[in-house]
Amino acid sequence: MSIWTDETDEIDQTDEINHMDQADNLNWYALRTKSRHEKLVRDQLDKQGIEPLLPTVKRLSQWKDRRKEIEIPLFSGYCFVRFGQHEKTPVQKTIGVVEIVGSGSRPEPIPELEIDALRRLVTSVLPYDPHPYLHEGMRVEVVRGPLQGIHGILLRKEKRHRLVIGVHLIQQAAAVEIDVNDVAAM
């Protein structure tokens, strides 16, 4: 009889340890939301006791009769959430959630450093705005200015952005300095 009790106690302790591991193993994930459902998703997750993060930016909105400052999501269509694997189903079933962003069918956690950087940004006094995610070597299209409509590769040289326009057949290219706000990812 005492052997059975020891095994039962051992099983109970193992279950308790597994539950603690799940609670300690919280990761940040990005949720893709339905259009204009970001705040609804954030509020519902918060009510469920699941930690959300919705970075916002203030915008001046103009109506016919008045102007008002409103808060809009910094990343339209996305909300961040911190949860353990045991909370995956409640997160997925939250009204307004389309999917947990990841590779294939597996959610992919966001590094804590990136979330901390976002938190510091939104609590700072510095002005900030959404910006297209561009990186060196990315194929881009010029969206305004005298080179509008041209495609090329974005480079950075000595803190200035450069657009490389190439002729692949002859393996030759030309580079021009360009304002990064004048290009968009293709």
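In this predicted model, strand 1 and strand 6 run antiparallel and are joined by three bridges. Across this pairing, Arg 32 stands opposite Glu 99 of strand 6. Both strands belong to an open sheet of four strands, ordered 2-5-1-6 and paired in antiparallel fashion. Strand 2 (51-53) and strand 6 lie at the edges and have a single partner strand each, so one side of each has no neighbour in the sheet. From one strand to the next, the twist averages 35°.

Helix 2 packs on the sheet, where strand 1, strand 2, strand 5 and strand 6 are touched by the helix. The direction of helix 2 makes about 15° with that of strand 5.

The largest nonpolar core comprises 12 residues, namely Tyr 29, Leu 31, Val 41, Leu 45, Ile 50, Leu 54, Cys 79, Val 81, Phe 83, Val 91, Val 97 and Ile 100. Two or more residues of this core are given by each of strand 1 (27-33), helix 2 (38-47), strand 5 (78-83) and strand 6 (97-100). Strand 5 supplies the largest share, three residues.

The surroundings of Leu 31, a member of this core, were examined with neighbours within four places in sequence left aside. Leu 31 is in contact with Val 41, Leu 45, Gly 77, Tyr 78, Cys 79, Val 81, Val 91, Val 97, Glu 99, Ile 100 and Val 101.

Notes: Residues numbered from 1 in each chain as written. Predicted model: local features only at pLDDT ≥ 70, side-chain atom pairs only at ≥ 80, totals over all residues. Heavy atoms only, no water. Core = buried A, V, L, I, M, F, W, Y, C linked by side-chain atoms within 4.5 Å. Buried < 20%, exposed > 50% of the residue type's maximum accessible area, 1.4 Å probe, protein only. Contact = heavy atoms within 4.5 Å. Pairing = 2+ DSSP bridges. Axes fitted to C-alpha atoms, helices over the stretch in contact; angles between N-to-C directions.
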